[in-house]
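Student: I've just opened this model and I'd like to learn how to read it. Could you walk me through it?

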Amino acid sequence: MRTLRRSGESLAAELAAARANAIEAVNAAARTVRLRFVTDIPGQEMIYSEKRSEAAAFVSITPSPIDLTPYPFIAAEVGITAPSAYEVAQLYLNLAAQWIEAGSALEAIRLGAVQSIETATTQSQIDAALALMASQLEALA
């Protein structure tokens with residue numbers, strides 16, 4: 001019986017491909033979890049950012065502004081999202097705070113998994129990084 005030996009280059013290429021596939025899986029899993037918190041519509045993140053900025057500016061003024069011209073997103077949602085401009089602004093701020101908490105936790109999990117995968121020297125280390133990430137995402141969700 002003959003024993004075949006693989007070259008170091010062949011083994012390295014296999015590990016590099018496994019790393020790339022695992023990182024792709026990490027990013028796909030993070031995207032799936034992220035979509036539980038945000039809308040996946042092109043440009044929506046810009047709208048969320050503007051709503052948060054409007055809300056922060058609105059609530060910083062005492063008494064609350066009557067003229068909503070400088071706050072078009074808030075004005076558009078009065079009576080839909082909440083009964084008053086102040087309540088719309090507070091909702092925007094509350095949602096932004098929730099997203100910061102969830103988003104930062106998710107990003108730490110994602111980046112930690114990617115780092116572990118990039119430094120893995122074996123397939124079992126890659127598998128362990130993926131398993132840890134899956135359990136962390138489950139706890140987050």
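Predicted model: local features only at pLDDT ≥ 70, side-chain atom pairs only at ≥ 80, totals over all residues.

Student: How do the axes of H2 and H4 cross?

Tutor: Two packed helices are described by the angle between their axes and the distance between the axes. Here the axes of H2 (residues 44-59) and H4 (residues 85-119) come within 8 Å and cross at roughly 125°. Helices are DSSP runs of H or I, at least four residues, numbered from the N terminus. Axes are lines fitted to C-alpha atoms over the stretch in contact, with angles from 0 to 180 degrees between N-to-C directions.

Student: Which residues of H2 and H4 meet?

Tutor: Contact means heavy atoms within 4.5 Å. From H2, Lys51, Arg52 and Phe58 are among those that meet H4 residues, including Tyr86 and Leu93.

Student: Which residues of H1 are buried?

Tutor: Buried means under 20% relative accessible area, exposed over 50%, and partly exposed in between (1.4 Å probe, protein chains only). In H1, the buried residues are Leu15, Ala18, Ala22, Ile23, Val26, Ala30 and Val33. H4 and H5 (123-140) are among what covers them.

Student: And Pro83, is that buried or exposed?

Tutor: Pro83 lies in the loop between H3 (72-77) and H4, and is exposed, with a relative accessible area of 65%.

Definitions and conventions:
Residues numbered from 1 in each chain as written. Heavy atoms only, no water. Helix = DSSP H or I, 4+ residues; strand = E, 2+ residues; numbered from the N terminus.
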